[in-house]
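Please consult the sequence and the structure shown here while reading.

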Amino acid sequence: MVSSGPAEVPAEESGHLLLERRFTARLLPQLRLLVEECAAREGLGEPRRGEFVLAVDEIAGNAVEHAGGSGRLVLRRVGEELECRISDAGPGFSEEVIPELLPGLDGAPKGRGLWLARLVADRFAVTGGAPGTGPPGAVVTVAVRLR
């Protein structure tokens, strides 16, 4: 697991469940609205709320586009953080594939969504590994502090 920020707390072990949904491309607009409503209800103000919703949307969109057309979102409040985990059953990847510079500036044609999500997050992690190293799929966790 690669992580930036404080140690990650498994969602199954702590926190208050706010939203859990399976999604496909058709459900992405509804998912964005639900995440925004939950974030507002938990007190995440603007502009952080918009950044968080955009990051979640980019990660969910990647799951649809690159990992078989569907995924699962779990949104929790963990202490003073709003944490979103998006999992899929795709080939998997590691955080090393995310460009360090804004894609396009370093010649990378893709990776803007994950780059952006990592940029706006207070905590960001990719688990699941690279293709061929274990069970299929990836889990991307993005979290922001509420205060």
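The sections below treat the basis of the model, its overall architecture, its core and several individual residues.

## Basis of the model

The model is predicted; local features require pLDDT of at least 70 and side-chain atom pairs count only at pLDDT 80 or more, whereas totals for chains, interfaces and linings use all residues. Residues are numbered from 1 along each chain as its sequence is written, and side-chain values use heavy atoms, with hydrogens and water left out.

## Overall architecture

The chain contains three helices and six strands. Helices (H or I, at least four residues) and strands (E, at least two) are DSSP runs, numbered from the N terminus. Their order from the N terminus is β-β-α-α-β-β-α-β-β.

Of the 147 residues in the chain, 45% are buried; buried denotes under 20% relative accessible area, exposed over 50%, and partly exposed in between (1.4 Å probe, protein chains only). The accessible surface amounts to about 7500 Å², with 56% belonging to carbon and sulfur atoms; such areas come from the Shrake-Rupley method with a 1.4 Å probe, and for residues only the protein chains shown count as cover. Among contacts (heavy atoms within 4.5 Å) between residues at least 6 apart in sequence, 66% join residues at least 24 apart.

## The nonpolar core

A nonpolar core is a set of buried Ala, Val, Leu, Ile, Met, Phe, Trp, Tyr and Cys residues joined through side-chain atoms within 4.5 Å. The largest one has 37 residues, and Phe52, Leu73 and Phe124 have the most contacts inside it. Elements giving two or more residues to this core include strand S2 (16–24), helix H1 (28–41), strand S3 (70–78) and helix H3 (112–120). H2 supplies the largest share, eight residues.

Beyond residues up to four places away in sequence, Leu73 touches Leu19, Glu20, Arg21, Phe23, Leu31, Val35, Val56, Cys84, Arg85 and Ile86.

Buried positions in H2 include Arg49, Phe52, Val53, Asp57 and Val64. Ala63, in H2 (residues 48–66), is buried at 3% relative accessibility. Ala63 lies 9.4 Å from Phe23, C-alpha to C-alpha, although the two are 40 residues apart in sequence.

Pro47 sits in the loop between H1 and H2, and the peptide bond from Glu46 to Pro47 is cis, with omega near 5°. Just after H2, Gly68 has a positive phi of about 95°. Most residues other than glycine have a negative phi, and most peptide bonds are trans.

## Cysteines

The structure has zero disulfides, a disulfide being a pair of cysteine sulfur atoms within 2.5 Å. The sulfur of Cys38 is 9.8 Å from the closest cysteine sulfur, that of Cys84, and is therefore too far for a bond. Cys38 is buried, with a relative accessible area of 4%, and Cys84 is buried at 0%.

## Arg145

Arg145 belongs to strand S6 and is partly exposed, with a relative accessible area of 48%. Arg145 and Val78 are 67 residues apart in sequence and 9.5 Å apart in space, C-alpha to C-alpha. Setting aside neighbours within four places in sequence, Arg145 is in contact with Leu44, Glu80, Glu81 and Asp122.
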